[in-house]
Amino acid sequence: MSIPRAHSGIDNIKPHMVGLARQSVPPAAIALNSNESAFGPSPYAREAARAASASMERYVENVDSILSPAIAEAHGLDVNRITCGQGSDDLIARLVRGYLGPGLALMRSANGYLKVPNYAHQANGAVIHVPDNNFTPSVDNMIAALNDSVKIVYLANPENPAGTYLTGQEVRQLHAAMPNHALMILDCAYEEYVDAPDYEPGHRLVRDASNVVTCRTFSKIHGLAGARVGWVYGPEDVIDTAKCLALTFPIATPSLAAALAALEDKAHTDFVRRENARLRTWLILELAGLGLNTIASQTNFVLIHMPDPGRSAEALDTALRSRGVALRRMASPAYRDHIRITIGFQHELQRALELIDQFVRGEI
Ligand SMILES: Cc1ncc(COP(=O)(O)O)c(C=O)c1O
């Protein structure tokens, strides 16, 4: 008996690219594995979500007429160039669905955000994985890899899982080499954490170009990962395409209320930014004190290098997990000797450091 078969692009999505290998493991007491914000959302956002849950029997009609103006005001952007969705991944997926197809390719930095190839496979498009420079996207390699099939150039800036970034000048150099018919998706999920002076916020290139969008999220600095709210800023025709591909009523009532309140609480956002920067610097120094190198990070996480096979990233992961601390390893072989740690509260990081110290000393 034959069964319905999905289209062939789906076959390229392997099980490890969909779920986590350790899905059945109980949640860790200290979760430093998913780049969420330990600091959580603004208390006003929590309260707004709680209050909004009283009217969950209603759909949120036209979320863009409510949330986009608030985003436009908070960021000084044109409201007509914004649309919102279920996290920035929803918007990336929609854009890939809208612009990619058989015979067309999405170009990405080989060790960049690992979810994006799935969206290309879902659209039956090809993926060009461009070699990087020690986990920093290589503009030269990306320019050299451009060809007529490239319809989307996807760049996370800063990157996940490495935390590296490209300067504004480098991003513009890549963009200048792209044909106008190709779309650049500049994924700036971690933009608020960046303090490098030569970084350029994604929306500036959107302003100056006709084929660039920037995706943003409430999941990171606003601490609303579970609410699933993101937005994209781009040329009006691209935004219209993203709107056409939306689910009906894409954002839940409490999530919308939380996002609106989060935008208002600038003091909380500033606090999280400052605290993240302080703890990131401290953590990197502490790790160096244990003899461990890290990749320079502009985000709310740090990638640790574990080159000693006798003290591997995998063994560290297992040792910490069994003691209630979750870090993140990546399925890609390029990251075999690395493990990522999210910036949590200081006491959480302190506990992780104690265990890492014991691990490198061979005590656990
Ligand atoms: C680079 C990058 N883009 C997008 C996302 C997805 O974020 P969201 O929760 O907004 O879907 C993530 C999540 O970790 C990410 O690291």
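For sorting residues, Ala, Val, Leu, Ile, Met, Phe, Trp, Tyr, Cys and Pro count as nonpolar, Asp, Glu, Lys and Arg as charged, and the others, Gly among them, as polar. By that scheme, the shell around the ligand holds 4 nonpolar, 5 polar and 4 charged residues. This is a predicted model, in which local features need pLDDT of at least 70 and side-chain atom pairs count only at pLDDT 80 or more, while totals for chains, interfaces and linings use all residues. Residues are numbered from 1 along each chain as its sequence is written, and side-chain values use heavy atoms, with hydrogens and water left out.

**The ligand and its shell**

- The ligand is surrounded by 13 residues, and the closest are Ser-88, Asp-187, Thr-217, Ser-219 and Arg-228; a residue is near the ligand if one of its heavy atoms lies within 4 Å of it.
- Helix H3 (residues 87–99) gives the most to this shell, with 3 residues; helices (H or I, at least four residues) and strands (E, at least two) are DSSP runs, numbered from the N terminus.
- Ser-88 uses a backbone N or O atom, which sits 2.6 Å from an oxygen atom of the ligand.
- Lys-220 places a polar side-chain atom 2.9 Å from an oxygen atom of the ligand.
- The protein covers 92% of the 400 Å² of accessible area that the ligand has on its own, with areas taken from the Shrake-Rupley method with a 1.4 Å probe.

**The second largest pocket**

- A pocket here is an open set of points, on a 1 Å grid over the protein atoms alone, with protein on both sides within 12 Å along at least five of seven lines; a cavity is a set where a 1.4 Å probe fits but cannot get out, and lining residues have an atom within 4 Å of a point.
- The second largest pocket holds about 340 Å³ of space; a volume is the space filled by probe spheres set on the points, which are joined across faces, edges and corners.
- Its lining has 13 residues, and Ala-74, His-75, Glu-192, Arg-216 and Arg-273 lie nearest the centre of the pocket.
- Helix H2 (67–75) and helix H10 (266–289) each supply at least two of the lining residues, and H10 has the largest share, with 4.
- By type, the lining of this pocket divides into 3 nonpolar, 4 polar and 6 charged residues.
- Domain 1 (8–39 + 267–360) and domain 2 (43–264) each contribute at least three residues to the lining; the domain bounds come from an automatic or database domain assignment.

**The cavity**

- The count comes to 1 cavity of 30 Å³ or more, and the largest cavity holds about 50 Å³ of space.
- Residues lining the largest cavity include Asn-157, Cys-188, Tyr-199 and Glu-200.
- Helix H6 (168–177) and helix H7 (202–208) each give at least two residues to that lining.
- The cavity lining is made up of 6 nonpolar, 3 polar and 1 charged residue.

**Backbone details to look for**

- Asn-157 and Pro-158 are joined by a cis peptide bond, with omega about 0 degrees.
- The bond from Asn-160 to Pro-161 is also cis, with omega near 15 degrees.
- Pro-158 is in the loop between strand E5 (150–156) and H6, and Pro-161 likewise lies between E5 and H6.
- Asn-134 has a positive phi, near 45 degrees, in a residue other than glycine, and is placed in the loop between strand E4 (126–130) and helix H5 (139–145).

Note on methods
A polar contact is a pair of N or O atoms within 3.5 Å; within protein, one must be able to donate a hydrogen and the other to accept it, and residues adjacent in sequence count only if both atoms are side-chain atoms.
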